[in-house]
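Visitor: Could you walk me through how to read a protein model, one feature at a time? I would like the general idea and then the case at hand.

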Amino acid sequence: MASIVKRETSKGTTYLITTNFHDRTLKKKIRKSKTWTPPAELSPKEVEKELQRVAEAFEEEIKDNISFGLQDNDYTVEGYSKIYLDYLTRSFSPTYYTRAIDIFRYINKRIGHIKLKDLNPSIIQDYFDQVENDKKIIEKIVPRKSFNVTLEEQGLTYHKLRYDLKVQHSTLTNAMQGKNVEQVWADSFCKKTNIPFEILFHYKTTQSEYAYNTKKKRKIYLRQMLAYAKRQRIIKENYATADFVVYTREQGTKDIEAMNEEQARAFYEALLTYPDIRMKTSLLLFLFTGFRRGEVAALKWEDIDFKSNKITIKRNALEIRHQGIILKEPKTKKSARTITMPTLLIQQLKEYKVWQDTLIPQLGDYYHNENWLFTRDNGSIIRPSTFLDWLKKVLKQANLPHFTIHSLRHTNITLQITAGVPLVTVSGRAGHSRTSTTTDIYSHFIQSSDNAAATTLDNLFQSKPTKTTNEELEEFKKIKQQMKELGFENIKDYMEFLEFKQSRSKL
């Protein structure tokens with residue numbers, strides 16, 4: 001109960017209301033007071049009644065604030081982000097934690113000095129506006145036009161640079177062609193050649209928009225941290241939710257980056273004649289299975305059953321900055337899957353197995369055999385990013401445009417869809433958690449496959465007296481088969497899906 005002391009002052013009667021609480025978290029007593037002056041128009045009985053109401057309300061307010069830590073909480077956004085990041089290390093994947101470190105570094109530069117209890121919708125909206133308006137500053141190191149001339153004047157030929165000064169071949173070639181180089185390489189090059197940096201190189205600064213997903217994460221991660229603070233009763237309200245601030249939406253949708261049939265065939269033919277069997281085998285595996293790069297990096301020979309022509313995904317390899325490569329469970333439950341391999345891929349894997357089995361004894365103790373399918377030179381698990389380097393080389397030989405490793409996954413899936421493979425099967429081979437994931441991502445490619453189905457429905461439900469009952473029955477069976485292949489359980493859902501696709505195509 002709050003204590004109340006009546007005081008007579010020169011300005012009239014006032015009341016001192018005092019509360020005392022023991023904070024178990026802070027392990028100390030907390031004493032809070034306030035002075036209340038009754039309005040002149042109240043009668044003595046009304047004053048007594050109102051005084052009790054004010055005292056009870058004050059006591060509840062202080063008690064509530066203490067339970068939330070608001071009275072003695074001096075956490076800044078930056079200070080609390082360290083507590084939140086510690087929580088992430090215990091509860092989330094290393095990939096998520098590593099990404100969060102970079103994002104909170106950005107957040108703390110903008111609002112890290114503000115106390116959590118002082119945050120309000122206006123402050124957070126201002127931060128969101130900064131996120132939208134910020135530009136990415138890209139600083140590149142570019143060789144000067146006189147780069148090659150300067151080297152010649154110093155008697156520094158390519159042969160001398162490459163073999164006497166031990167300059168890295170690929171970057172040296174890029175520099176001589178006027179392409180961008182890394183700061184570390186440029187500094188090392190200037191030191192080896194004893195030529196000042198500003199004579200050989202100059203900085204080129206450009207600005208560009210941040211990707212939508214980057215902006216989104218810089219907002220979402222703040223909202224998630226404040227949600228955690230609210231659950232911990234550090235703050236009363238999370239002002240980073242859509243109830244208080246505006247979240248911008250992505251304008252339009254990003255097209256799937258996949259090879260068309262002609263490009264896929266050209267890529268396949270280039271692989272067949274590619275001399276490096278590791279590159280050839282790994283990229284054929286991506287093309288024929290649609291696996292993710294971490295799934296392929298984590299494959300072991302025990303995951304391949306040549307008797308049944310099956311391959312199984314049991315683990316996923318992640319390359320984490322400052323931590324190296326870690327193994328974890330597949331992305332989702334459906335990602336742990338077993339699929340049948342095409343004959344062409346089986347033959348290639350068998351050939352690759354013979355090559356690897358022949359190579360290993362030649363390397364002796366240098367090679368640590370852990371049964372990985374694709375390895376570094378010493379037998380350790382391959383870096384997932386290596387596959388992209390290999391892909392670039394094959395694309396260049398095939399005279400094809402830029403594609404990523406994930407583009408091969410998209411290519412595999414879209415080719416199956418356009419070939420008429422049942423959507424349930426496509427989704428299962430892709431390792432999607434739900435068939436709807438496949439329809440959402442690849443709706444454009446599904447659309448072309450649905451056109452024939454829509455025409456069939458028109459023919460079925462329009463009045464056509466010339467058709468026999470048997471013909472209509474056969475058409476209905478055909479529709480039901482198409483419906484099941486696309487993963488729908490009833491006609492109503494299938495019809496709604498077709499109507500949605502038709503409306504999308506008119507936009």
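This is a predicted model: local features need pLDDT of at least 70, side-chain atom pairs count only at pLDDT 80 or more; totals for chains, interfaces and linings use all residues.

Visitor: Which residues of H3 are buried, and what do they pack against?

Guide: The buried ones are Tyr96, Thr98, Ala100, Ile103, Phe104, Tyr106, Ile107, Asn108 and Ile111. Their packing partners are helix H2 (77-91), helix H4 (121-133), helix H10 (212-231) and strand S8 (316-320).

Visitor: Now for empty space. What is the idea behind finding a pocket?

Guide: Rolling a probe the size of a water molecule over the atoms shows where empty space is left. Here the largest pocket holds about 1700 Å³ of space. Elements giving two or more residues to its lining are H3, H10, helix H13 (293-297), S8, H16 and helix H18 (435-441).

Visitor: How many residues line the largest pocket, and which lie nearest its centre?

Guide: The lining has 40 residues, and those nearest the centre are Arg99, Arg292, Arg293, Lys331 and His406. By class, the lining of the largest pocket splits into 11 nonpolar, 15 polar and 14 charged residues.

Visitor: Let me try single residues. Is Ser407 buried or exposed?

Guide: Ser407 has a relative accessible area of 1%, and the cut-off for buried is under 20%, so Ser407 is buried. Ser407 belongs to helix H16 (residues 405-418). Leaving aside neighbours within four places in sequence, Ser407 touches Glu257 and Ala258.

Visitor: And Glu329, buried or exposed?

Guide: Glu329 counts as exposed because its relative accessibility is 60%. Glu329 sits in the loop between strand S9 (324-328) and strand S10 (338-340). With neighbours within four places in sequence left aside, Glu329 is in contact with Lys314 and Asn316. The C-alpha atoms of Glu329 and Arg315 are 5.0 Å apart, though 14 residues separate them along the chain.

Visitor: How many aromatic pairs are there, and how do I read one?

Guide: Look at the distance between ring centres and the angle between planes; over 60 degrees counts as edge-to-face. The count comes to 28 aromatic pairs. One of them, Phe189 with Phe201, is edge-to-face at 6.4 Å centre to centre and 80 degrees between the planes. Phe189 is in helix H8 (residues 183-193) and Phe201 in strand S5 (residues 201-209), so this pair ties together parts 12 residues apart in sequence. Both Phe189 and Phe201 are buried.

Phe387 and Trp390 make an edge-to-face pair too, 5.8 Å centre to centre with 80 degrees between the planes. These two lie in helix H15 (residues 386-397), three residues apart, about one turn of the helix.

Visitor: Which residues do ring pairs link into a cluster?

Guide: The cluster has Tyr75, Tyr80, Tyr84, Tyr87, Phe92, Tyr96, Phe104, Tyr221 and Tyr228. Among them, Tyr96 and Phe104 are buried residues of H3.

Terms used:
Residues are numbered from 1 along each chain as its sequence is written. Side-chain values use heavy atoms; hydrogens and water are left out. Buried means under 20% relative accessible area, exposed over 50%, partly exposed in between (1.4 Å probe, protein chains only). Helices (H or I, at least four residues) and strands (E, at least two) are DSSP runs, numbered from the N terminus. Contact means heavy atoms within 4.5 Å. On a 1 Å grid over the protein atoms alone, a cavity is a set of points where a 1.4 Å probe fits but cannot get out, and a pocket is an open set with protein on both sides within 12 Å along at least five of seven lines; lining residues have an atom within 4 Å of a point. Grid points are joined across faces, edges and corners, and a volume is the space filled by probe spheres set on the points. Ala, Val, Leu, Ile, Met, Phe, Trp, Tyr, Cys and Pro count as nonpolar, Asp, Glu, Lys and Arg as charged, and the others, Gly among them, as polar. Rings of Phe, Tyr and Trp (its six-membered ring) pair if their centres lie within 6.5 Å; planes under 30 degrees apart count as stacked, over 60 as edge-to-face and the rest as tilted.
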